[in-house]
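User: I'm new to this one and would like a guided look. Could you walk me through it?

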Amino acid sequence: MEYLVFALVPLFGSIIQTTMGFGNGVLIIAVLPFFLPFGKAVAYNLIACLFLTILVVAKMWRKINWKFLLPIILPMMISSVAATFWSASFNQSILKIILAVVFIMMVLIFLLNKNGFTIKPTTTKGIIMGMVSGTTNGLIGIGGPPAALYFRPAIKDNEEYIATIQCYFIFQSATGIVSRMSLGMLDKSDILPLALILLSTAIGSMIGKSISGKIKSGTMQKYAYVFIGLYGIYLLVSELIKYI
């Protein structure tokens, strides 16, 4: 059962991310903690995301907008390392509650901004979003939504946006992986499941590219956020019940 999950979850997640810019990490971290310790699930998630983003950026690197990318990278890396080491002292229940709250906030932001974002990105906002993204990445392995809030209003061309945010995820995932490896969260027993996850990620990426122009990313986003919202509520309630 676990190996089926390791195959299917990154397959669908990479299809979603290839077509709309993010989503692979959200789906993986929503499911894998049911089968793995939370810290290990985050490490798996980061490795899958790093592999996927390298596949995407290798073909789109000329589209990267470094003007908007550079201000957000360093604050993200610093806050990500700090949050990763901080999270090592948390129990899994607390981390799952944080994950649930982040999921619910993502949906609320999506609903409140359904007509589009109108904020004008600046270097200061890039630094702030980088710190927020790095913190959530370090705690629960999700840093995409804060970065999307910064990049999406600034970069109008969809291919340029995809290339830029995927390049950002390379730095983010690599930072998280190195931090978690230094905490001993991965060992030799992880080689086989990770190989399966990476294979599924590669297949999903190819499928996503083949259908990218045939479906509306906005429609896919709506379904993704419905899942995220319902799962966030379920996870929050199920974890809070343990404290009653």
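This is a predicted model: local features need pLDDT of at least 70, side-chain atom pairs count only at pLDDT 80 or more; totals for chains, interfaces and linings use all residues.

User: Which residues have the most contacts inside the largest nonpolar core?

Analyst: Let's start with the core itself, which has 37 residues. Helices H1, H2, H3, H5, H6, H9 and H10 each supply at least two residues of this core. Inside it, the residues with the most contacts are Leu-32, Leu-99 and Phe-103.

User: How far does H3 reach from its first C-alpha to its last?

Analyst: H3 has 23 residues, and at 1.5 Å a residue you'd expect 33 Å. The model comes close to that, with a reach of 32 Å.

User: What does Leu-32 touch, leaving out residues up to four places away in sequence?

Analyst: Leu-32 is one of the residues with the most contacts inside the largest core. Skipping those sequence neighbours, its partners are Val-5, Phe-6, Ala-41, Tyr-44 and Ile-197.

User: How many residues are in the other core, the one lying apart?

Analyst: Look for Val-57, Met-60, Phe-151 and Tyr-161, which are among its members. This separate core has 23 residues.

User: Is Asn-65 buried or exposed?

Analyst: You'll find Asn-65 in the loop between H3 and helix H4. Leaving out residues up to four places away in sequence, Asn-65 touches Ile-155, Glu-160 and Thr-164. Its relative accessibility is 15%, and buried means under 20%. So Asn-65 counts as buried.

User: How many residues of H2 are buried?

Analyst: H2 is largely enclosed by the rest of the structure, because the buried count is 8 of 8.

User: Is H6 roughly parallel or roughly antiparallel to H7?

Analyst: H6 and H7 pack with their axes 7 Å apart, at an angle of about 160°. Angles over 145 degrees count as roughly antiparallel. That makes H6, relative to H7, roughly antiparallel.

User: Which residues of H7 make the contact with H6?

Analyst: H6 passes H7 in a left-handed crossing. On the H6 side, the contact is made by Lys-125, Gly-126, Met-129, Val-132, Ser-133 and Thr-136. On the H7 side, the residues are Pro-146, Ala-147, Leu-149 and Tyr-150.

Note on methods. Residues are numbered from 1 along each chain as its sequence is written. Side-chain values use heavy atoms; hydrogens and water are left out. A nonpolar core is a set of buried Ala, Val, Leu, Ile, Met, Phe, Trp, Tyr and Cys residues joined through side-chain atoms within 4.5 Å. Buried means under 20% relative accessible area, exposed over 50%, partly exposed in between (1.4 Å probe, protein chains only). Helices (H or I, at least four residues) and strands (E, at least two) are DSSP runs, numbered from the N terminus. Contact means heavy atoms within 4.5 Å. The expected span of a helix is 1.5 Å times one less than its number of residues. Axes are lines fitted to C-alpha atoms, for helices over the stretch in contact, and angles run from 0 to 180 degrees between N-to-C directions. Angles under 35 degrees count as roughly parallel, over 145 as roughly antiparallel, 65 to 115 as roughly perpendicular and the rest as oblique. A crossing is left-handed if the near helix is turned anticlockwise from the far one by less than a right angle, and right-handed if clockwise.
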